[in-house]
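Here are my notes on the model you sent. They are set out as numbered points, to be read alongside the structure.

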Amino acid sequence: GKRGPKVTPRTFALGTADRTRYEFEYKVVEADRLVASHNPVTFEANPKYPSELQPRLRGRAVNRDQVRQMAANLDPDALLGEFHSIDRGAPIVGLDMVVESGNGRVMATQFAIAEHPDVYARYRSALVAKAPEFGLPAKTIEKMSAPVLVRVRLTEKDRRAFVEEANAPSVLTPSAIEVARSDARKITPAMVGSLAVTETETIEDALRSARNREFVGKFLAKLPAADRGQISDAAGQLNQD
């Protein structure tokens with residue numbers, strides 16, 4: 001039969017705001033070439049990373065936990081799938097290898113290389129197998145030390161604006177009342193019974209007290225990692241929100 005069109009590394013994705021079409025090129029690079037916002041093991045800020053591009057405080061306890069959880073359960077399908085989206089799939093980088101979208105995914109992959117080599121090995125095997133689908137040579141990737149698939153942004157746009165768009169919610173954010181109703185359903189009578197509040201303190205003061213740490217911990221455990229990040233501080237305690 002006739003051969004189909006040649007597969008090239010070029011791809012595209014649609015923006016989350018006005019559905020702008022962005023052009024990218026698939027590339028496989030060594031993990032240590034990628035410039036993420038923080039060191040994936042120590043979580044110290046990376047001085048080479050432009051601080052204005054990172055909207056999330058990766059040094060916070062909940063964000064550290066999220067990266068480590070992603071690393072321990074690194075999903076090749078999520079990192080190698082073709083979603084044509086700027087907020088999912090292979091991380092997006094600039095020509096200088098600075099991560100523009102998928103900073104947490106890059107840190108999780110780097111952490112898996114260091115701390116979960118067996119988990120990373122599955123990602124690596126899947127990458128080699130799928131390389132022809134991205135128009136990339138599998139044999140070259142096999143010779144690399146710690147290969148990672150990325151999308152290099154080709155479409156010119158203000159970098160900060162692109163990063164903000166890539167990190168913007170792609171779905172309608174629920175109202176405060178809707179969130180409160182959802183949260184209330186997570187609190188059981190037993191949890192309420194364990195809550196200790198004195199006559200002279202507000203509920204806010206009580207929740208910040210060490211004696212109610214167990215109640216707070218049980219509630220936070222019922223929330224997705226992203227939601228925990230919105231209501232807890234760097235030490236994992238409840239913030240003003």
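1. Two strands are said to pair if DSSP finds at least two bridges between them. Helices (H or I, at least four residues) and strands (E, at least two) are DSSP runs, numbered from the N terminus. On these terms strand 1 pairs with strand 2 (residues 21-30) in the antiparallel sense, over five bridges. Leu 14 has Arg 21 of strand 2 as its bridge partner.

2. This is a predicted model, in which local features need pLDDT of at least 70 and side-chain atom pairs count only at pLDDT 80 or more, while totals for chains, interfaces and linings use all residues. Residues are numbered from 1 along each chain as its sequence is written, and side-chain values use heavy atoms, with hydrogens and water left out.

3. Overall, the protein has eleven helices and five strands. The C-alpha trace spans about 80 × 40 × 40 Å along its principal axes. Of the 241 residues, 39% count as buried (buried is under 20% relative accessible area, exposed over 50%, partly exposed in between; 1.4 Å probe, protein chains only). Taking contacts (heavy atoms within 4.5 Å) between residues at least 6 apart in sequence, 65% join residues at least 24 apart.

4. The five strands make an open sheet of mixed pairing, in the order 1-2-5-3-4. Strand 1 and strand 4 (99-101) are the edge strands, each pairing on one side only. Strand 3 (residues 92-93) runs parallel to strand 5, with two bridges; here Ile 92 stands opposite Arg 151.

5. Strands 1 and 2 form a hairpin with six residues between them, and in the turn Arg 19 has a positive phi of about 60 degrees.

6. A nonpolar core is a set of buried Ala, Val, Leu, Ile, Met, Phe, Trp, Tyr and Cys residues joined through side-chain atoms within 4.5 Å. The largest one has 41 residues, of which Leu 34, Tyr 123, Leu 136 and Leu 149 touch the most other members. Elements giving two or more residues to this core are strand 2, helix 1 (61-72), helix 2, helix 3, helix 4 (117-130) and strand 5 (147-153). Leaving aside residues up to four places away in sequence, Leu 34 touches Val 29, Val 93, Met 97, Val 106, Gln 110, Val 148 and Val 150.

7. There is one cavity of 30 Å³ or more. On a 1 Å grid over the protein atoms alone, a cavity is a set of points where a 1.4 Å probe fits but cannot get out, and a pocket is an open set with protein on both sides within 12 Å along at least five of seven lines; lining residues have an atom within 4 Å of a point. Grid points are joined across faces, edges and corners, and a volume is the space filled by probe spheres set on the points. The largest cavity has a volume of about 40 Å³. Its lining includes Leu 79, Arg 105, Tyr 123 and Leu 149, and helix 3 gives the largest share, three residues.

8. The second largest pocket has a volume of about 170 Å³. Among its lining residues are Met 70, Asp 75, Leu 79 and Arg 105. Helix 2 (76-80) and helix 3 (103-115) each give two or more residues to this lining.
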